[in-house]
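My notes follow as numbered points, written to be read with the structure open beside them.

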Amino acid sequence: MATIVETADTLNGEPRIAETRIGVLDIAELVRDGGYTPADIADQLDLEVAAVYHALAYYHDHAERMRELRRERRETEATLEKEALQPPAHAQ
């Protein structure tokens with residue numbers, strides 16, 4: 001069975017499937033928001049279907065942490081969008 005790991009130097013420390021850069025939250029969002037089945041995800045990402053289900057189980061078992069990660073991502077996206085709208089420093 002796939003192991004879920006968190007290491008500071010990969011995916012900003014977010015939980016992921018060991019030996020990959022595939023995040024638990026990313027898999028859950030593909031199912032939840034993208035409408036993909038676990039089998040579709042496994043096929044597209046070259047994973048065992050069991051690894052996808054393990055990531056989904058981890059997602060549900062750590063719901064509060066996943067909400068926190070989702071919030072952090074939204075904040076980061078908002079900051080990046082705001083920065084993209086700012087004129088370059090040399091243009092001011």
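1. Let me begin with Glu-6, which counts as partly exposed because its relative accessibility is 40%; buried here means under 20% relative accessible area, exposed over 50%, and partly exposed in between, with a 1.4 Å probe and protein chains only. Please keep in mind that this is a predicted model, in which local features need pLDDT of at least 70 and side-chain atom pairs count only at pLDDT 80 or more, while totals for chains, interfaces and linings use all residues. Residues are numbered from 1 along each chain as its sequence is written, and side-chain values use heavy atoms, with hydrogens and water left out.

2. Glu-6 has a salt-bridge partner in Arg-65, with 3.4 Å between the closest N and O atoms; the term requires a side-chain nitrogen of Lys or Arg within 4 Å of a carboxyl oxygen of Asp or Glu. Since Glu-6 sits in the loop between S1 and S2 and Arg-65 in helix H4, the pair ties together parts that are 59 residues apart in sequence. Helices (H or I, at least four residues) and strands (E, at least two) are DSSP runs, numbered from the N terminus. Arg-65 is partly exposed, at 25% relative accessibility.

3. Arg-65 also forms a salt bridge with Glu-68, where the closest N and O atoms are 3.5 Å apart. Both residues belong to helix H4 and lie three residues apart, about one turn of the helix. An α-helix has 3.6 residues a turn, so residues three or four places apart point the same way. Glu-68 is partly exposed, with 31% relative accessibility.

4. Arg-71 is partly exposed at 37% relative accessibility, and so is Glu-75 at 43%. Salt bridges with shared partners also join Glu-14, Asp-26, Glu-29 and Arg-73 into one network. The structure holds eight salt bridges.

5. Which residues of H3 are buried? They are Ala-51, Val-52, Ala-55, Leu-56, Tyr-58 and Tyr-59. Because they cover an arc of only 160 degrees around the axis, they lie on the same side of H3; the arc is that of the directions from the helix axis to the C-beta atoms. On the other side of H3, His-60 and Asp-61 are exposed. The cover over the buried residues of H3 includes strand S1 (4-5), strand S2 (16-17), helix H1 (24-32), helix H2 (38-45) and helix H4 (63-85).

6. In the largest nonpolar core, which has 19 residues, Ile-17, Val-24, Ile-27, Val-52 and Met-66 touch the most other members. H3 supplies the largest share of this core, six residues. Such a core is a set of buried Ala, Val, Leu, Ile, Met, Phe, Trp, Tyr and Cys residues joined through side-chain atoms within 4.5 Å. Beyond its neighbours within four places in sequence, Met-66 is in contact (heavy atoms within 4.5 Å) with Pro-15, Val-24, Leu-25, Tyr-58 and Tyr-59.

7. Asn-12, in the loop between S1 and S2, has a positive phi near 55 degrees. Glu-19, in the loop between S2 and H1, has a positive phi of about 65 degrees although it is not a glycine.
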